[in-house]
Protein chains: 2
Amino acid sequence: MTKTVLSSASKEVIIGFDQPFVMIGERINPTGRKLLAEEMKNGDYSRVEKDALAQIEAGAQMLDVNAGIPLADEPKILAEAIQLVQSLTDAPLSIDSSIIEALEAGLSVYKGKALVNSTTAEEEVMERVLPLVKKYGAAVVAISNDETGISEDPDERYEIAKLIVERAADHGIKKEDVIVDPLVMPIGAINSAGKDVFHLVRRLRTELKVNTTCGASNVGFGLPNRHAINNSFLPMVAQAGMTSAILNPLHEGLAPAIKAADVLNGVDPNCASWIKKYRGPPAEGGSEGRGGRRRGRRRA
Amino acid sequence: MTKTVLSSASKEVIIGFDQPFVMIGERINPTGRKLLAEEMKNGDYSRVEKDALAQIEAGAQMLDVNAGIPLADEPKILAEAIQLVQSLTDAPLSIDSSIIEALEAGLSVYKGKALVNSTTAEEEVMERVLPLVKKYGAAVVAISNDETGISEDPDERYEIAKLIVERAADHGIKKEDVIVDPLVMPIGAINSAGKDVFHLVRRLRTELKVNTTCGASNVGFGLPNRHAINNSFLPMVAQAGMTSAILNPLHEGLAPAIKAADVLNGVDPNCASWIKKYRGPPAEGGSEGRGGRRRGRRRA
């Protein structure tokens with residue numbers, strides 16, 4: 001039962017096979033958000049503050065923090081954003097950058113055990129990111145592509161993930177501190193993208209025995225009603241064995257879909273979290289319960 | 001690639017491993033619907049008519065027809081309801097009764113190849129239902145319980161399903177004409193009910209190689225916000241390999257959840273059905289596509 005323990009100064013979150021699915025809020029990210037980028041660049045973190053609180057309120061157990069703004073001082077901004085977010089919430093954070101100096105700046109101010117997002121299997125990236133992960137006692141997202149790009153063959157992506165896990169071990173990082181991102185391709189472009197990732201997640205869980213995550217908003221890219229695609233994708237990939245995802249918990253229906261998947265995967269003991277959240281007037285009886293109950297009755 | 005072909009006079013529906021998930025509308029059933037029961041008993045099928053059309057409109061590819069009314073002439077009512085529904089829609093029907101005379105009355109007026117709902121592994125039931133299925137060239141739902149009731153062990157339920165498939169073969173009924181109902185227990189009562197059925201469906205598909213169905217409304221029984229449980233359950237069980245379900249396609253969000261699962265399972269080629277149904281203004285770009293695209297861009 002693989003468990004990845006992440007923490008803030010005062011709270012632990014466990015990503016694991018027998019744990020509720022961990023939603024990592026993706027909103028604190030200026031990529032594609034012009035206004036947020038401009039504000040962050042000018043040291044205005046009011047929107048970061050709002051995004052942090054709203055995502056926690058919507059059910060995110062962790063938050064991803066990214067400060068990738070062209071021509072800005074990313075290390076400084078990322079460190080400031082992390083300190084701010086840690087002052088607002090006790091959720092552990094994912095420190096998200098492709099710039100090594102920014103990752104280090106973020107890690108150096110972070111209180112607790114962070115998730116570093118991310119390394120790939122590219123030689124140069126691994127050899128810069130993994131020592132940092134080790135130095136700060138963090139965990140890391142391992143994205144299953146290498147110098148040649150992203151393979152369309154999920155079994156090749158499996159081998160690439162395995163390579164990162166092995167390399168991490170060489171750096172003294174335990175397997176449970178590597179969370180593999182199997183890479184979810186847009187289903188509108190690659191029809192087998194869903195099946196591929198379900199297959200790959202199952203292998204990663206049963207064979208490599210690692211936790212998994214993904215950028216979940218990608219799968220419906222380019223399709224109409226894409227949120228409905230996402231709201232089915234997350235329960236499906238959780239059923240295949242995925243244990244966390246970087247996503248927007250504010251999207252309508254997404255958090256309930258994932259919480260329901262926890263119930264159905266048996267990781268919400270006695271449905272206690274579900275009942276606590278949704279308890280209201282008693283559930284209706286009558287015709288709606290008929291489908292299955294009928295079978296029971298008939299044979300009573 | 002197992003395929004169960006059902007038909008009306010003018011239309012075929014295929015339940016199969018590489019086919020879209022088949023929604024069998026459950027609404028035409030007087031159990032727990034006092035008004036409908038009263039009307040059907042009095043030969044008033046206006047509500048049956050409305051329910052039939054509304055379910056087809058909502059996306060049901062087949063309809064279940066049940067006329068189980070205490071102290072009524074079930075064979076006559078079932079036959080009348082079937083004739084009416086067949087005059088309204090070309091969707092193939094599931095003929096649903098626990099009374100053998102009613103099944104026969106329904107089958108004798110049915111145009112096409114029907115689905116008989118259902119037999120169990122109870123000796124007496126099998127030996128009455130299966131000859132009828134063979135005589136009318138129908139397919140049959142096989143519910144995985146026997147005289148001893150419903151086993152909580154999914155692997156025992158597997159063996160019971162296998163026994164029905166073998167008995168059907170003895171009667172000259174091909175395996176592809178037996179659709180197994182693995183029995184979905186209420187998750188509020190049995191915490192492992194979800195995991196059990198995912199495991200069982202996967203075995204039924206990969207080992208026994210049969211199509212599967214279930215009374216889907218049962219899983220959330222007794223829980224608050226039970227429709228949200230269902231809306232995650234169907235994509236999850238479809239991902240595990242289930243190919244059809246008896247359900248209420250009018251429940252909010254359920255049909256889109258299943259259609260999205262078709263897209264993600266790769267059984268909606270080029271997402272053509274999805275795009276046709278939901279095409280409207282172009283999908284939004286901007287921040288919502290960021291989660292995954294970022295990864296692609298970073299490594300371009």
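Analyst: In chain A, eight strands form an open sheet in the order E9-E8-E7-E6-E5-E4-E3-E10, with parallel pairing. Strands E9 (211–212) and E10 (244–247) of chain A stand at the edges with a single partner strand each, so one side of each has no neighbour in the sheet. This is a predicted model: local features need pLDDT of at least 70, side-chain atom pairs count only at pLDDT 80 or more, and totals for chains, interfaces and linings use all residues. Residues are numbered from 1 along each chain as its sequence is written, chains are lettered from A and ligands numbered from 1 in the order in which they are written, and side-chain values use heavy atoms, without hydrogens and water.

User: What do the strand labels and the pairing rest on?

Analyst: Strands of a sheet pair through backbone hydrogen bonds, either parallel or antiparallel. Helices (H or I, at least four residues) and strands (E, at least two) are DSSP runs, numbered from the N terminus. Two strands pair if DSSP finds at least two bridges between them. In chain A, four bridges join E4(A) to strand E5 (residues 93–96), and the two run parallel. A:Leu63 stands opposite A:Leu93 in E5(A).

User: In what order do the strands of the chain B sheet come?

Analyst: The order is E9-E8-E7-E6-E5-E4-E3-E10 in chain B, an open sheet of eight strands with parallel pairing. Strand E9 (211–212) and strand E10 (244–247) of chain B are at the edges; each has a single partner strand, so one side of each lacks a neighbour in the sheet.

User: Which strands does E4(B) pair with?

Analyst: Strand E3 (residues 22–28) of chain B is joined to E4(B) by three bridges, running parallel. There, B:Gly25 has B:Leu63 as its bridge partner. Strand E5 (residues 93–96) of chain B is joined to E4(B) by four bridges, again parallel. B:Asp64 stands opposite B:Ser94 in E5(B). Elsewhere in the sheet, four bridges join strand E6 (residues 115–119) to strand E7 (residues 139–143) of chain B, in parallel. B:Leu115 has B:Ala139 as its bridge partner in E7(B).

User: Is E4(B) buried or exposed?

Analyst: Buried means under 20% relative accessible area, exposed over 50%, partly exposed in between (1.4 Å probe, protein chains only). Strand E4 (residues 62–66) of chain B is mostly covered, with five of its five residues buried. B:Met62, B:Asp64 and B:Asn66 point one way, B:Leu63 and B:Val65 the other.

User: What hand does the unit of E4(B), H3 and E5(B) have?

Analyst: A crossover is right-handed if, with the strands pointing away from the viewer, the path from the first strand over the helix to the second runs clockwise. E4(B), helix H3 (residues 74–88) of chain B and E5(B) make a right-handed β-α-β unit.

User: What do the buried residues of H7(B) pack against?

Analyst: An α-helix has 3.6 residues a turn, so residues three or four places apart point the same way. In helix H7 (residues 193–208) of chain B, the buried residues include B:Val197, B:Leu200, B:Val201, B:Leu204 and B:Leu208. The buried residues of H7(B) pack against H8 and H9 of chain A, and against helix H6 (154–170), strand E8 (178–181), E9 and helix H8 (226–240) of chain B. Just after H7(B), B:Lys209 takes a positive phi of about 60°.

User: How many residues does each chain give to the contact?

Analyst: Contact means heavy atoms within 4.5 Å. Chain A gives 76 residues and chain B gives 77 residues. The size of an interface is often given as the accessible area lost when the parts come together. Here buried area is that loss (1.4 Å probe), summed over both parts. Chain A and chain B bury about 6,300 Å² between them, 57% of it on carbon and sulfur atoms.

User: How many salt bridges cross the interface of chain A and chain B?

Analyst: The rule finds zero salt bridges there; a salt bridge needs a side-chain nitrogen of Lys or Arg within 4 Å of a carboxyl oxygen of Asp or Glu.

User: Which backbone features deserve a look?

Analyst: The peptide bond from B:Asn117 to B:Ser118 is cis, with omega near 20°. B:Ser118 is in strand E6 of chain B. The bond from A:Asn117 to A:Ser118 is also cis, with omega near 20°. B:Leu183 has a positive phi of about 75°, although it is not a glycine. B:Leu183 lies in the loop between E8 and H7 of chain B and is buried, at 5% relative accessible area.

Notes. Buried area = accessible area lost by both parts, 1.4 Å probe.
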